Amino acid sequence: MNDFKGQTLSWQIVNGTIELALHRDPCNEIGSLTLEELEKFATALPELVNESQALIVHSTLKAGFSAGADLRELFQRGQEMEKAAALRGVREFLERIHSVMNALDAAPLTTIAAVHGVTFGGGFELALVCDIIIADRMARFCFPELRLGLIPGFGGIPRLKRDLGNAVVRDLLLTGRSFNVMKAQQIGLVSQIAAEGEALRVARATASQVGKFDRRTAAAAKEFVKPIPYEELKREIDIFCDLYSRPAVEAGLRKFVESTDAQPYLP
Amino acid sequence: MSAPPADRTLDEILNLAASHFKVAREKLTPDGDFFKTLGIDSLQALDLLTRLEHHFRIELPDYELQGVSDFRTLANRIRARL
């Protein structure tokens with residue numbers, strides 16, 4: 001399936017590059033429908049890889065790349081189900097999204113996240129699976145999960161640890177603060193900064209450059225420098241599920257979902 | 001190097017906010033609620049924060065802005081980081 005137009009995302013091959021566009025209002029919250037469509041993409045990927053040199057993941061929405069997991073859906077499911085069933089559902093969701101993230105992480109072509117605006121939580125985690133993050137000058141990153149009594153659940157901590165120093169990871173995780181592109185570049189998370197509205201164009205130019213090299217060599221180099229921390233990823237799911245069972249999480253989710261605060265995104 | 005005078009920091013914030021959100025500068029007052037006077041939501045507030053960080057070349061953790069809604073307090077928080 002060389003192109004697809006879904007309700008939350010679409011993909012097509014443009015000049016030899018797969019462009020995966022996120023477009024679920026209001027800011028690409030990742031819930032069950034997005035997961036289903038990401039799974040479709042992961043299934044199509046082996047075939048797409050044969051006809052492309054790179055993958056760009058980007059958002060067509062003004063608000064940003066992605067605000068992360070769909071917390072309203074998570075809260076709603078928790079209210080509708082008996083606790084044990086809700087926990088089983090959460091674990092199943094996490095295992096499925098980890099499977100997609102791992103497939104993207106290991107894809108044998110160069111992957112680029114072109115991010116702008118809000119790049120929070122699960123959205124940040126999606127960017128972290130990519131080989132290169134190119135960020136719009138106005139992009140903002142955050143792991144706000146601790147305010148909900150949770151840790152990032154889509155592979156964020158193991159992948160941050162893979163890329164950054166542990167002291168920085170602790171600061172970002174334990175304060176839950178958001179930070180801008182200058183900080184992101186300073187700590188080594190973002191490799192290229194684009195002017196406002198230019199991240200996709202810069203990503204396309206980068207995709208064109210990486211496409212000049214021998215595919216097999218690039219894939220070997222990627223595999224060598226970017227090991228996937230499978231054991232830690234599994235551990236993350238266990239920790240997330242242990243934490244999810246606590247009453248503090250329901251209270252945190254309720255506070256977020258029912259908030260009329262002018263600053264609900266600020267941890 | 002000492003921080004610039006408080007009034008100058010405040011002026012720069014008001015000018016930047018008026019210009020970016022296309023609001024008449026004279027409508028913005030130091031003690032005004034920027035959510036109301038600029039008509040912005042939480043995401044636009046983050047956008048403003050990012051622009052201010054770039055303008056002043058500082059890093060201002062957003063938890064320092066929790067509960068802050070007037071320009072004067074915002075200016076004080078920024079000055080503490082200059």
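The exercises below work through parts of a predicted model with chains A and B.

**Exercise 1. Strand β4(A)**

Task: Find how many residues of strand β4 of chain A are buried, and which residues lie on each of its faces.

Solution: 
- Step 1. On one side of β4(A) are Ala54(A), Ile56(A) and His58(A). On the other are Leu55(A), Val57(A) and Ser59(A).
- Step 2. Both faces of β4(A) are covered.

**Exercise 2. The partners of β4(A)**

Task: State which strands pair with β4(A), and in what sense.

Solution: 
- Step 1. β3(A) pairs with β4(A) in the parallel sense, over 6 bridges. Thr17(A) has Ala54(A) in β4(A) as its bridge partner.
- Step 2. Strand β6 of chain A, residues 110-115, also runs parallel to β4(A), and 5 bridges join the two. Here Leu55(A) has Thr111(A) in β6(A) as its bridge partner.
- Step 3. Together, β3(A), α1(A) and β4(A) make a β-α-β unit, which is right-handed.
- Step 4. The loop between β3 (17-22) and α1 (32-49) of chain A holds Pro26(A). The peptide bond joining Asp25(A) and Pro26(A) is cis, with omega about 0°.

**Exercise 3. An open sheet in chain A**

Task: Give the strand order of the open sheet of 4 strands in chain A, and explain why one side of β5 and one side of β10 are left without a neighbour in the sheet.

Solution: 
- Step 1. The order is β5-β7-β9-β10, and the pairing is mixed.
- Step 2. β5 (64-66) and β10 of chain A are at the edges; each has a single partner strand, so one side of each has no neighbour in the sheet.
- Step 3. From one strand to the next, the twist averages 25°.
- Step 4. β7 (residues 118-120) and β9 (residues 140-142) of chain A pair in the parallel sense over 3 bridges. Val118(A) stands opposite Arg140(A) in β9(A).
- Step 5. Helix α4 of chain A, residues 121-128, lies across β5, β7 and β9 of chain A and runs at about 85° to β7(A).
- Step 6. From the other chain, α3(B) lies across β7, β9 and β10 of chain A, at about 45° to β10(A).

**Exercise 4. Where the chains meet**

Task: Describe the side of chain A that touches chain B.

Solution: 
- Step 1. The contact involves 16 residues of chain A and 15 residues of chain B.
- Step 2. Strand β10 of chain A (residues 178-180) gives the largest share of the chain A side, 3 residues.
- Step 3. By type, the chain A side has 9 nonpolar, 4 polar and 3 charged residues.

**Exercise 5. Helices and loops of chain B**

Task: Describe how α1(B) packs on α4(B), then decide whether Lys22(B) and Arg57(B) are buried or exposed.

Solution: 
- Step 1. The axes of α1(B) and α4(B) are 9 Å apart, at an angle of about 115°. Their crossing is right-handed.
- Step 2. The residues in this contact are 8 nonpolar, 1 polar and 2 charged.
- Step 3. Lys22(B) is in the loop between α1 (6-20) and α2 (34-38) of chain B. Its phi is near 55°.
- Step 4. Arg57(B) has 9 other C-beta atoms within 10 Å, so Arg57(B) is exposed.

How values were computed. Residues numbered from 1 in each chain as written. Chains lettered and ligands numbered in written order. Predicted model: local features only at pLDDT ≥ 70, side-chain atom pairs only at ≥ 80, totals over all residues. Contact = placed C-beta atoms within 7 Å. Nonpolar A, V, L, I, M, F, W, Y, C, P; charged D, E, K, R; others polar. Buried ≥ 20, exposed ≤ 12 C-beta atoms within 10 Å, placed from the backbone. Axes fitted to C-alpha atoms, helices over the stretch in contact; angles between N-to-C directions. Left-handed = near helix turned anticlockwise from the far one by under 90°. Pairing = 2+ DSSP bridges. Right-handed = clockwise from strand over helix to strand, strands pointing away.
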